[in-house]
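Work through the exercises below with the sequence and the model side by side. Try each task before reading its solution.

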Amino acid sequence: MQVKVNLDKDKSYIVYIDELSKIHFDTKVVVLTNETIAKLHLNSFLEKIQAKEVFVISIKDGEEYKNLQTIEEILNQMFTYKLDRKSLLISFGGGVISDMGGFVASIYQRGIEFINVPTTFLACVDASVGGKTGVNNKFGKNLIGSFHQPKAVYCQSEYLKTLSSRELAAGMAEFIKMAVIFDDKILDFIEQINENDFLNANLEDEKLAKIIKESITLKAKIVSQDEKENGLRMLLNYGHTFAHVIENQTNYKQYLHGEAVAIGMHMANTLALNLKMLSKQEYQRIKSILNKFNLPTFYKIANIQEFYEAFFLDKKTHHQKINFILPCGLGQACIKNDIDKSDIFETLKAFS
C-alpha cells in the first residue's frame, strides 16, 4: 500500500505501508534510534539497508530526552562520522525519534535528507508524516523546531506487534482526533475496530495496514493543502492546547503523548459543549470512543490560574489571544480566539 503526500517544489513523497524490503543508498547513512527499539528491531532493520557506510546513533528512550542537549549529542556524533551534505539520516523509532531526527536533519550543515521509519502507531499516523520537527524546553512542547519534509516514510505492521496496549491506544488517540475534526465517517470505521484485538496487537497485518492507510490518507490530505500550518492544518492541534500544558506540568513522564491528547480532546469537548458548539450526544460519543480504547479523559488541575497562564506559551497563541481548536459538530472544527476567560475557567474548574 502507498499514500502520496503532494507538496510543492519537488517536496512530495510516498508513505509505503508494509513495503519495506531493501533500501539502497549511494551515500553515507546514519540511523537514529533509541535503546528500546535498538534491542527489538535494529539488527533486522540494518539488514535491509545497503549504503556506502551505515552508522547508528542510539539515544535514551523517553520524551524527557527530547531537548537541545540530546540534539547536540547527536550532531557531535554525526560530525565525528564525517557525514556530509549528501548523507542521509533515517529516523527509526517513535514520535520522539521522528521529531528529533527531522530536526537534526534540517540543521546539520544547513539541511540533509531524511527518511522516517516509524515503529509506533502514533508515529505512523502522526509524527512521521507532515514534516513538523522539533524539541521541547522548559517553556513547553516543540517550541524549538522547523518544517523539514522527509524523503520517504516506511510504515511496517511488524514493528507495531511489539507495542504495549497503552502505546497502541496512544496512537489511536491521534486517529480519533483527525476523524472528529475532519471526517465523521471515519468515526464509524473506528467504532467497528475490535478494540481487544487492536490493543493486544492481535490484528492481522492486512487489517492493521488498512487502519494505518486510512489515518495517513487523511493526514496527507491535510498536509498537502497546508504544509506549514497557516490555516487548515492548524485544526490538527485539536486537543493539543490542553495536552501540551498537561505534558509540561507532569514533566513528560506521567502520560504518553497520545494519552495527553485524549485528555486534551475531552477538555476541548467540554469547552465546546459549554459554548453549545457540540451537542451532548456528540460529546458523549467522542468520550465513548476514547473509553473504548482505554484512553484517559481526566486530569486533575492543581492550580487553575497556572494552567490558564501556561496557554500563553503555546505556539498557537497570537497577540495574547489563545487559539482554541474546537469541534463544531462531528467531522468539522473551528478556531476560536474570542472565548471569554470566564468560559475557559468554567471548563477548567470541571477538572480541578
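Helices (H or I, at least four residues) and strands (E, at least two) are DSSP runs, numbered from the N terminus. The model is predicted: local features need pLDDT of at least 70, side-chain atom pairs count only at pLDDT 80 or more, and totals for chains, interfaces and linings use all residues. Residues are numbered from 1 along each chain as its sequence is written, and side-chain values use heavy atoms, with hydrogens and water left out.

**Exercise 1. Describe the largest nonpolar core, then the core apart from it.**

Step 1. A nonpolar core is a set of buried Ala, Val, Leu, Ile, Met, Phe, Trp, Tyr and Cys residues joined through side-chain atoms within 4.5 Å.

Step 2. Take the largest core. It has 85 residues. Those with the most contacts inside it are Val-15, Ile-176, Ile-190, Phe-198, Phe-293, Phe-307 and Phe-311.

Step 3. Ask what contributes the largest share. Helix 6 (residues 165-182) does, with 11 residues.

Step 4. Look apart from this core. Another core has 21 residues, among them Val-30, Leu-32, Ile-59 and Ile-97.

**Exercise 2. Trace the salt bridge of Glu-247 and the network that contains Glu-247.**

Step 1. Set the cut-off. A salt bridge is a side-chain nitrogen of Lys or Arg within 4 Å of a carboxyl oxygen of Asp or Glu. The count by this rule is 15.

Step 2. Find the partner. Glu-247 pairs with Lys-141, with the closest N and O atoms 3.4 Å apart. Lys-141 is in strand 10 (residues 140-147) and Glu-247 in helix 10, 106 residues apart, so the pair links distant parts of the chain.

Step 3. Are the two ends buried or exposed? Lys-141 is buried, at 4% relative accessible area. Glu-247 is buried too, at 2%.

Step 4. Glu-63 and Glu-247 are 184 residues apart along the chain, with C-alpha atoms separated by 9.6 Å.

Step 5. Stay in helix 10 (residues 240-249). His-244 also lies there, and is buried at 9%. Its C-alpha is 8.3 Å from that of Gly-264, 20 residues apart in sequence.

**Exercise 3. Which residues pair with Arg-285 in salt bridges?**

Step 1. Take Asp-188. Its closest N and O atoms with Arg-285 are 2.7 Å apart. Arg-285 lies in helix 12 (residues 280-292) and Asp-188 in helix 7 (residues 184-191), so the pair ties together parts 97 residues apart in sequence.

Step 2. Take Glu-191. The closest N and O atoms of this pair are also 2.7 Å apart. Glu-191 is in helix 7 as well, so this bridge ties together parts 94 residues apart in sequence.

Step 3. Check cover. Arg-285 is partly exposed at 24%, Asp-188 at 36% and Glu-191 at 33%.

**Exercise 4. Examine the positive phi of Asp-18 and of Lys-276.**

Step 1. Asp-18 has a phi of about 55°, although it is not a glycine. It lies in the loop between strand 2 (13-17) and strand 3 (23-24). Asp-18 is partly exposed, at 32%.

Step 2. Lys-276, not a glycine either, has a phi of about 65°. Its place is the loop between helix 11 (257-274) and helix 12. Lys-276 is exposed, at 74%.

How values were computed. Buried means under 20% relative accessible area, exposed over 50%, partly exposed in between (1.4 Å probe, protein chains only).
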